[in-house]
Each structure stands twice: as structure tokens, then as C-alpha cells.
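Please find below my note on this entry, arranged as numbered points. The sequence and structure come first.

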Amino acid sequence: MTAALALSLTIVPAASAEPGFATVGLTKVSGWSGPAGGTWVTRGGITARQKFDLDITNVVGHDEQGLSVFISFPTDRLEVTGHEGDGWTCWDVDGGPGAEGVQCTQDHLIVHEEAWPTLTVETKAATIWTQDSIDVYAEAGGHEAVHAGQNFMIDTST
């Protein structure tokens, strides 16, 4: 009986979700403070600018091309003032709360374990106290979107 039970346990695969096709990382570049892995903090205002890098690495096991990225954040609190990165094309999206931010595409062919070129996004924070998040959703090759998020705060205290 014990041998039959052990055999049945080895035959039945464990339930698991398919891993994402890529890893997504956000890194503060300038204008943000706060501990690594914690909430990013910035000051709002006319001249204050913030930059962050977005790095996406192909981990699916084969080549991928045709990356599409949606970066979601409250555009009335963070205004995109620029973006840079080899081969990236970006445009503003205003689909209402929860569907606003920036859509970007990248056509480089990326092999397994390589990263697409870094996308640097520059923003200008409004002078409104805010606690929210920057959420990134990346898709390519018909794979289910992968997600990464970063909490942020616009501090208006004196």
C-alpha cells in the first residue's frame, strides 16, 4: 500500500502556474529617495524631476520580439516629461483612473536570458500629497502579461 501511494505521488504533477516570460525591474535613477525595496519618495513642484529605469529580461527559454509595456500611474500626480532608450516608442494613455500612464513598444529581438534595452522615464511630480504606485505590465509573443509595481509618495511637507 505504501509503495502504491508513493508511486501515485510521483506520477501526479504538482499544480503550478506557468512562470512569466520575463522579469521586470524598476530602479530609481534621480529625484527619488527611500530605501531599496521600499517606497520611493519625491517632492513635487515646477522644477523637480524624477527618473526611473525599467529593465525587462527574457526568461522564457527562446527568442522574443515585439515587446509591449504599459506603465500605469496617476497622470494628474506624475506627468511624463520624457523617455529614452534604444528602440523604444512611447505615447501617453488616458483611459481614466487605473488606465492612465504610458504605453511603450520595443521591437528588438531578444534571446533567452538577455534584457531589452533599458527604458528611462522622466516625470514631474505635482505639488499634491500622494501615496500610490507605478505599475508595469509587459507582454510579448502572446504570453500572459508580467507585472511589477513600485510604491511611491509625493511629499509636500515643509
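Why is the disulfide of C90 and C104 right-handed? The points below begin with this.

1. The torsion about the S-S bond of C90 and C104 is about 115°, so the disulfide is right-handed. This pair links distant parts of the chain, with C90 in strand β6 (residues 88–94) and C104 in strand β7 (residues 100–106), 14 residues apart. The S to S distance is 2.1 Å, and a disulfide is defined as a pair of cysteine sulfur atoms within 2.5 Å. Strands are DSSP runs of E of at least two residues, numbered from the N terminus.

2. This is a predicted model, in which local features need pLDDT of at least 70 and side-chain atom pairs count only at pLDDT 80 or more, while totals for chains, interfaces and linings use all residues. Residues are numbered from 1 along each chain as its sequence is written, and side-chain values use heavy atoms, with hydrogens and water left out.

3. C90 and C104 are both buried (under 20% relative accessible area, 1.4 Å probe, protein chains only). Strand β8 (residues 119–125) is mostly covered, with 5 of its 7 residues buried.

4. Strand β8 pairs with β3 (residues 50–58) in the antiparallel sense over 5 bridges, and F52 has V121 as its bridge partner in β8. Strand β5 (residues 78–84) also runs antiparallel to β8, joined by 6 bridges; there, E79 is partnered with K124. Pairing requires at least two DSSP bridges between the strands.

5. Beyond its neighbours within four places in sequence, I71 is in contact (heavy atoms within 4.5 Å) with residues including F52, L119, V121 and I134.

Technical notes: Helix = DSSP H or I, 4+ residues; strand = E, 2+ residues; numbered from the N terminus. Buried < 20%, exposed > 50% of the residue type's maximum accessible area, 1.4 Å probe, protein only.
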